[in-house]
Structure formats: structure tokens, C-alpha cells
Amino acid sequence: MFNNAMELTGKNFIAGQRTGSGKAFQAENPATGKMLEQSFYEASQKEVDEAVHQAEDAFNDYNKKSGKQRADLLEAIADEIIALGDVLIQRCMEETGLPEARLTGERGRTVNQLKLFAQVLREGSWVNARIDLADPDRKPLPKPDVRSMYRPLGPVGIFGASNFPFAFSVAGGDTASALAAGCTVVVKAHPAHPGTCELIANAIQRAVEKSNMPAGTFSMVQGQSTDVGLAIVRHPLIKAIGFTGSFRGGKAIFDEANKRTVPIPVYAEMGSTNPVFILPGVLKEKREAIAKDLAASVTQGVGQFCTNPGLILLQQSEDGKAFKDTLSGSMAGSAAGVMLSAGIRSNYERGIEKLKGATGVTVVARGKSEGEGYRGVPSLLEATADSFLKDHTLEEEVFGPSTLMITASTREEIIRAAEKLTGHLTATILGTEKDLEDYKDLIAILEQKVGRLIFNGYPTGVEVCHSVVHGGPYPATTDSRTTSVGPAAIFRFARPVCYQNFPQTMLPDELKNNNPLGIWRMVNGEMKR
């Protein structure tokens, strides 16, 4: 065990051991453009292979641990993260340019979601136990005893995200849900914040040891190149992948996983433009307030959220012109903010230039561009619904503090624009109750397009709770049937297994007649405890 949880070594975590002597790289402070001193070592193919084999060996033990034992591990990870204190926050500030208050809040969210999964495990009913008792006297054929429940898939590969260095990274929702399901985990650290990743990896490893879990339950490998991540995806012992990031990265991983001799499930959350529909009645009543609130939502966190409102759709009117004027003024008055990395800032600028070059798109407002480091300038662009309907690229995500306003000449154009949408994480409807009555068909369309529908709110901010859905149809994700936030995320890393005519002594506790865990189960079609 490495005792100094605060000291960075730059090495990889392979089942409790520190390794690494390969190609070195450094993190960069995006607020200053300066390299940080500590070097980190890219994992070799041999190290990735060892991490996965250790995860496979550990899985044979870890998947047999009780829900309460796995809950103890998740709670221990939460405690160890908190124990890192200000060292974690300060290092993350240096590597991401994110402010202290934002990171403190995100650390709290990360800890709380670990504890939420622990609660789910202690209660135990998530396994969806189903029991159909035998009936040997049934005619014309006897009925067998049939029981089923969810079981873990096996070792899982997790990719850390750039924009949430705690909540969607080494100990984020993907790792938490995989460990909760009973899977062992090999994490690919994000190269933009490797020091942050190492600190949290050390916290997880300490929790693994304190919880008496097998050493290979958790490993983490570093690397700037795509070779490290692809080695995880291609490894025949890896049974599933969790990814949060760009469309290009997620699609590449998804495609690679499907080239394998045995394809594996990939849950890739790849972002979206999260359309906001502003209906006529509410525009007349609250146009100024909506404009200011939308500007704040677009520029929040320098627009570096997968739920950033990147599309605004409304009908042309005098109220619409007044709304545009207020929104334009608010965006023009917004200052540029530090983006997470040089690459993300470059991609943002390329995205804006691509939009500006599209037929029918005009720039309405640009924010203030002063300040050092890799800064993203807020941008408001505009196009007609006719242009939007003709050019599918206008729907593509531009990751950063920008939004594209689509103005329609008629109600029918609004509906046609909604029908044209591909998959997104969210869609927002701002309206009065009468607006909702008048646009029932819009709601029905959007139900088929997104994972979360919002009424009179804004998409930025995802509540971590049992009913939340952070997902959506392709290209927002590679699997619209589930979520990457909330307890339901556990089902990404589990599958139903059926036991027919098994003796009681050989059944999992969740399926035994006397229900020793006291969980909710479906018995002969009725929910019972």
C-alpha cells in the first residue's frame, strides 16, 4: 500500500501496485498555458494487459461479495476522497482552470452519488429478483421452478471525462455503478488532469484495501495517446465500456468494440445541443427574463456541459425581436472564460467558424475576449428554420459557451424542425399551460428524441436521483435504454441470469424461498417482500 495519499508519482495503478517507466507527459494549466512540473507515464500494452488480467482474477471473488460489502467499499471511497482535502481541489484547479467553488460542489456530488449507490446496494431490490414457483401437477406439462436476477457482466473499462474531473472521472458515476453492480474496473485516466486522477485513484485503492476487497478490483492507467484506451476496449477479458466525451471519441470506441470477435456493450454519452423551444405565450409574458436566464445557462461553466443549451427555437414575432435584443445584449456583455484545455478551446473555435461558414447563419453577438490562458468567447448565432431544415450540420454540438437561435416563420416550421432533430440528452419547453395545450404534438415528438424533457427550466444541472435519465437516442448516446446518472445506471453493467430447478442451497440469497435479505421480489407475478 502506498501510504502518502497526497504525493504524486505519475505512475499507473495496477491492482494496488505502482508501475510506469514509459513515455512521459505533463499536464498544462489552461488558465496560464504553462506546463505543470509532475511527469506522468503512459501505460504500456503489457501494463494494460496486466491490469485487465488482475481485474478478471479479482472479479471471481468480488462478484460474490454481498451488496452490503460492496456498499462498504463505496462509502469507504467517499470517505477517502473527502480525506484528500484541499490538496485535491487545488490540484484540480491547476489542471482544469475550474474555480474552487465549482470543484468543491462537484466533489460533494461525487461523494453523494457513491453513497446513493451504497444505499441502493444495502436495500438490495435493484437485482429485480423474479420467482416463478414450480407446479408439478400442472397439465398437460409440469411447470418448472424458474428464478432470475441481475448479475454483473465482468471487468469493465471506464474512460474519464474532461469536463467533470470528479463526477464523471475516476470515481465518477461510471465507476460507482460498475462497482455497485459487482464488476471490477480498469479506468483510463483523462490526460488533461492526470494528477487529479492519481489522487482519486489512490483514494480508491486505499478504500479497496481497507474494505478487504481483492487488489484487482480497481486499476487505473495513464496515457495521452489513443493506444492505451484502445488496448482496454480490444482486450478480450473486458466485458463492457463506459465513456463520457466527444462524439468522435465515443463513436470510435463503439465501433472498435463491435469489431471484436465477441462484441461488448458500450455506453458512450457523447453530448448534444439540447434544444430549447420558446413558445409564443410565455415569450410574450417573460421574454426579457427568459433571455437573461438563457444567456446565463449558455455561459455557465464556459458552456462546458453536455447539457448546454446549444439550440434555441422560436417563432418570428415582435416579442421574438425583443427577446433577441435582450439575449444579444446579455451575450455581448459576457466575459470569456477559461476552457478546460488548449484542445477543447481549439475545437470550440473551429466549431464556431464552421457554423459561421454555413449558409444562412449570421453572428448576432460575441462576448468579451480579454484574459490570458485558453479562453472561450461567448457567441450567439442565428439562422432561419428553413436553413436549419436544409443543413443537418447546424444541429451538431459546439462544445463551449455558444448557442444557435433558429427562427421560424410559422408554427408548422417549429414542428418540422422538431421532427428533424436527431437524438439529444434533453429538450426544454418554455411555455404557459395554454402553450402546452396548443403544442401537444411537439411534446409527443420530443419524447422520441431525448432522455429528459424539461418544462420552464433550463437543461444545465442534472439532479442525481432515482428517477433521473441522463441519456438519449443516438447520437447523444450509444444506448437510449438507460442512463449514466442515478441508480438506474447500474443496469448498464449487469445482465439477467435465470436459474431453473436449482436446489435452495445453490441459489443466490436474493432468490431463496425464505428471502434472507428481505428485498422486494416478484413471486408468481406479484411484488412481495
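This is a predicted model: local features need pLDDT of at least 70, side-chain atom pairs count only at pLDDT 80 or more; totals for chains, interfaces and linings use all residues.
Residues are numbered from 1 along each chain as its sequence is written, and side-chain values use heavy atoms, with hydrogens and water left out. Local features need pLDDT of at least 70 and side-chain atom pairs count only at pLDDT 80 or more, while totals for chains, interfaces and linings use all residues.

Me: In what order do the 7 strands of the open sheet stand?
Reply: Strands are DSSP runs (E, at least two residues), numbered from the N terminus, as are helices (H or I, at least four). Two strands pair if DSSP finds at least two bridges between them. The pairing here is mixed, and the order is 15-17-18-13-12-19-20.

Me: Why is one side of strand 15 and of strand 20 left without a neighbour in the sheet?
Reply: Strand 15 (362–366) and strand 20 (452–455) have a single partner strand each. One side of each therefore lacks a neighbour, because both stand at the edges.

Me: Which residue in strand 19 stands opposite Val-276?
Reply: Strand 12 (residues 275–278) and strand 19 (residues 426–430) pair in the parallel sense over 3 bridges. Opposite Val-276 stands Thr-428.

Me: Which element gives the largest share of the lining of the largest cavity?
Reply: A cavity is a set of points on a 1 Å grid over the protein atoms alone where a 1.4 Å probe fits but cannot get out; lining residues have an atom within 4 Å of a point. Of the 17 residues lining the largest cavity, those closest to its centre include Thr-273 and Ser-402. The largest share, 3 residues, comes from strand 18.

Notes:
On a 1 Å grid over the protein atoms alone, a cavity is a set of points where a 1.4 Å probe fits but cannot get out, and a pocket is an open set with protein on both sides within 12 Å along at least five of seven lines; lining residues have an atom within 4 Å of a point.
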